[in-house]
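Colleague: I have some questions about how the labels on this model were given. Can we go through them one by one?

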Amino acid sequence: MHQRFATALLFTLLFTMAVPAFAQVPPPPDAAPAPTAAPAPTAAPAPAPLPASFTVSLSPAHLILPVGELMAEYNVNGKLGVAGILGAGSVTVEDSLGSKVKGTVFEVGAQGNYYVWGGFRKGLHLGAEALYLYADMESGGVTATGAGLSVSGYVGYKHTFSFGLALILQIGYGYTVVSAESEGESDSDSKGNLLLNLNVGWTF
């Protein structure tokens, strides 16, 4: 019974896890030609800013659990971005008796984003995410471990302010498969889930 209880808690743990021209007036007829003024020196144009190469961001919502989730996105060609995701921390869930049970969570994943409007610094994008999660916990002296894989598609928007601050919002839908094992007993489950990512970071 303890094994089934730990496995059920593990499922709960895993699932909660965009130069002016100057006209010259001709001199009047028969008038002596006016002296021509030397052209004023023109300032050299300012160099164009270098394109941004990376956006590094954190998920504030994960910090509440607390789990630290870091995402780093690389600008491939201005319209395509690829990102890596790393996360680690702990999650506390409540069992049927009202007791608090803590589990350790690790995650690693990747994203691919195509900016259909705008570009890497600021624009609307379509993307896909794959995320692998691993968790372990203990309840009533029984230890349980589990793993899950979530694959999602989404639409998102990134806005980078002139000084570099970046805000990222992504909304979509995914599918998660979870398996868990406790004291030689194993179980699995799967379900669809809403994806909502809100990250804050820096583009440089």
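Modeller: Start with the lining of the largest cavity: its residues divide into 2 nonpolar, 4 polar and 2 charged. This is a predicted model, where local features need pLDDT of at least 70 and side-chain atom pairs count only at pLDDT 80 or more, while totals for chains, interfaces and linings use all residues. Residues are numbered from 1 along each chain as its sequence is written, and side-chain values use heavy atoms, with hydrogens and water left out.

Colleague: What makes a residue of the lining nonpolar, polar or charged?

Modeller: Ala, Val, Leu, Ile, Met, Phe, Trp, Tyr, Cys and Pro count as nonpolar; Asp, Glu, Lys and Arg count as charged; the others, Gly among them, are polar. The lining consists of E69, M71, I85, Q111, E129, Q170, N197 and N199. Strands β2 (67–75) and β8 each give two or more residues to it.

Colleague: What makes the space a cavity?

Modeller: On a 1 Å grid over the protein atoms alone, a cavity is a set of points where a 1.4 Å probe fits but cannot get out. Lining residues have an atom within 4 Å of a point. The largest cavity has a volume of about 40 Å³.

Colleague: Why is the pair of W117 and Y157 called stacked?

Modeller: Rings of Phe, Tyr and Trp (its six-membered ring) pair if their centres lie within 6.5 Å; planes under 30 degrees apart count as stacked, over 60 as edge-to-face and the rest as tilted. The count by this rule is 6 aromatic pairs. For W117 and Y157, the centres are 6.4 Å apart and the planes stand at 25 degrees, so the pair is stacked. W117 lies in strand β4 (residues 100–118) and Y157 in strand β6 (residues 142–160), so the pair ties together parts 40 residues apart in sequence.

Colleague: Why is W117 called exposed?

Modeller: Exposed means over 50% relative accessible area, buried under 20%, and partly exposed in between (1.4 Å probe, protein chains only). W117 has 54%, so exposed is the label. Y157 has 31%, so Y157 is partly exposed.

Colleague: How do you know that F163 and W202 are tilted?

Modeller: The centres of F163 and W202 are 6.3 Å apart, with 50 degrees between the planes.

Colleague: What makes K158 a charge over the ring of F120?

Modeller: The rule asks for NZ of Lys or CZ of Arg within 6 Å of the ring centre and within 35 degrees of the ring normal. The charged end of K158 sits over the ring of F120, 3.6 Å from its centre.

Key: Helices (H or I, at least four residues) and strands (E, at least two) are DSSP runs, numbered from the N terminus. On a 1 Å grid over the protein atoms alone, a cavity is a set of points where a 1.4 Å probe fits but cannot get out, and a pocket is an open set with protein on both sides within 12 Å along at least five of seven lines; lining residues have an atom within 4 Å of a point. Grid points are joined across faces, edges and corners, and a volume is the space filled by probe spheres set on the points.
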